[in-house]
Amino acid sequence: MPPFKAVLIEKDASGAQSAGFATLTDADLMEGDVTVRVERSTVNYKDGLAITGRAPVVRRFPMVPGVDGVGIVEQSASAWFKPGDRVLLNGWGVGELHLGAWAERARWKGDWLISLPSGFSPDEGMAIGTAGYTAMMCVMALERHGIGPSGGPILVTGAAGGVGSVAVALLAGLGYHVVASTGRPEEADYLKGLGAAEVIARAELEGSGKPLARERWIGAIDVVGGQTLANILSMIRYDGAVAACGLAGGLEMSTTVAPFILRGVTLYGIDSVYVPKPVRVAVWDRLDRDLDRARLAAMTRRIAFDDVIDAARDIVDGRIRGRLVVEIG
Ligand code: NDP
């Protein structure tokens, strides 16, 4: 097989991390039973952390980042897939511990892959990516809690970002009254276009709050974490729930037990990385059924492979709106 282009994150003897483009060969690829010609990837917040080194998500050097990919199987010893199949990868430590999707070729385990649902093009698969699939998991957690569209308003934080944009579009499409929180007031029209009924300022959820505040929402999907999550918990209505998946605003949170023991509030933790295959398939089936394709297109921008490192830096600075699709091959 010919050499191929990849993004490579390296660490020097002093511990300094750098990222750039490199030429690799199949001998550089790690273990796995499926070799894939990568067609499309995307830029997730975690990729931004990997490129900038702002959090220790890369635990093997050198590393090819890219936690999401769609591509065509070139070689397979897996019972699941044969050459020519189009596959989808989200997570499983790829881009952290195992070489990722920001490369023209990748080798992964068949157990990690699912078929790209036939309802999605490769671009749409990556427009959704881990961000969108996590948003769907959050929606499903609220549904399992028993929260339906007539139950009351649902808050979505970091709404102009990737998880937030997909969450707004999904919830609105399902008939929920969506309250979108953003630090970018100039994106209010964008968020209303995705289906948000109200747009509020991120600042309303920041700062030190009270153990119990005015009850505002029956549910919330939170990507911010930190003090914002503590404040949201204090504002959830009786028997409501929060699906928490992110840390864009901070890792640590200081809260009280008051929302849990006085209002019966539930906090669901959402992890997308190590979800078993049957759950992934179910989540992607729901996306296929419930995500409005026009709204998905409205939140998505396509970028060239050469621009992916700059985009990764931008995402951790909160400068990316919605979702990006990276044209790999
Ligand atoms: P994005 O960068 O696309 O969106 C994050 C959004 O959060 C920003 O657009 C911004 O929205 C808001 N934000 C950014 N910085 C701050 C801040 N300091 N305080 C408050 N709000 C802020 O990232 P993603 O949507 O892809 O990911 C969001 C979070 O979810 C990340 O922490 C990511 O790691 C996590 N995640 C977790 C997954 C899991 O499996 N648990 C899977 C996927 C993502 P706005 O401008 O509208 O306020």
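Guide: The space taken by the ligand is the largest pocket, where a pocket is, on a 1 Å grid over the protein atoms alone, an open set with protein on both sides within 12 Å along at least five of seven lines, and a molecule sits in one if more than half of its atoms lie within 2 Å of its grid points. This is a predicted model, in which local features need pLDDT of at least 70 and side-chain atom pairs count only at pLDDT 80 or more, while totals for chains, interfaces and linings use all residues. Residues are numbered from 1 along each chain as its sequence is written, and side-chain values use heavy atoms, with hydrogens and water left out.

Around the ligand there are 25 residues, of which Val163, Thr182, Gly183, Arg184 and Ser272 come nearest, a residue being near if one of its heavy atoms lies within 4 Å. Helix 2 (122-145) and helix 3 (162-173) each supply at least two residues of this shell, and the largest share, three residues, comes from helix 2; helices here are DSSP runs of H or I with at least four residues, numbered from the N terminus.

Turning to polar contacts (pairs of N or O atoms within 3.5 Å), an oxygen atom of the ligand lies 2.9 Å from a polar backbone atom of alanine 160, and an oxygen atom of the ligand is likewise 2.9 Å from a polar backbone atom of leucine 247. For arginine 202, an N or O atom in the side chain is 3.0 Å from an oxygen atom of the ligand. The protein covers 88% of the 920 Å² of accessible area that the ligand has on its own, as computed by the Shrake-Rupley method with a 1.4 Å probe.

Notes. Polar contact = N/O pair within 3.5 Å; in protein donor to acceptor, adjacent residues only side chain to side chain. 1 Å grid on protein atoms, 1.4 Å probe; cavity = no way out; pocket = protein on both sides within 12 Å on 5 of 7 lines; lining within 4 Å.
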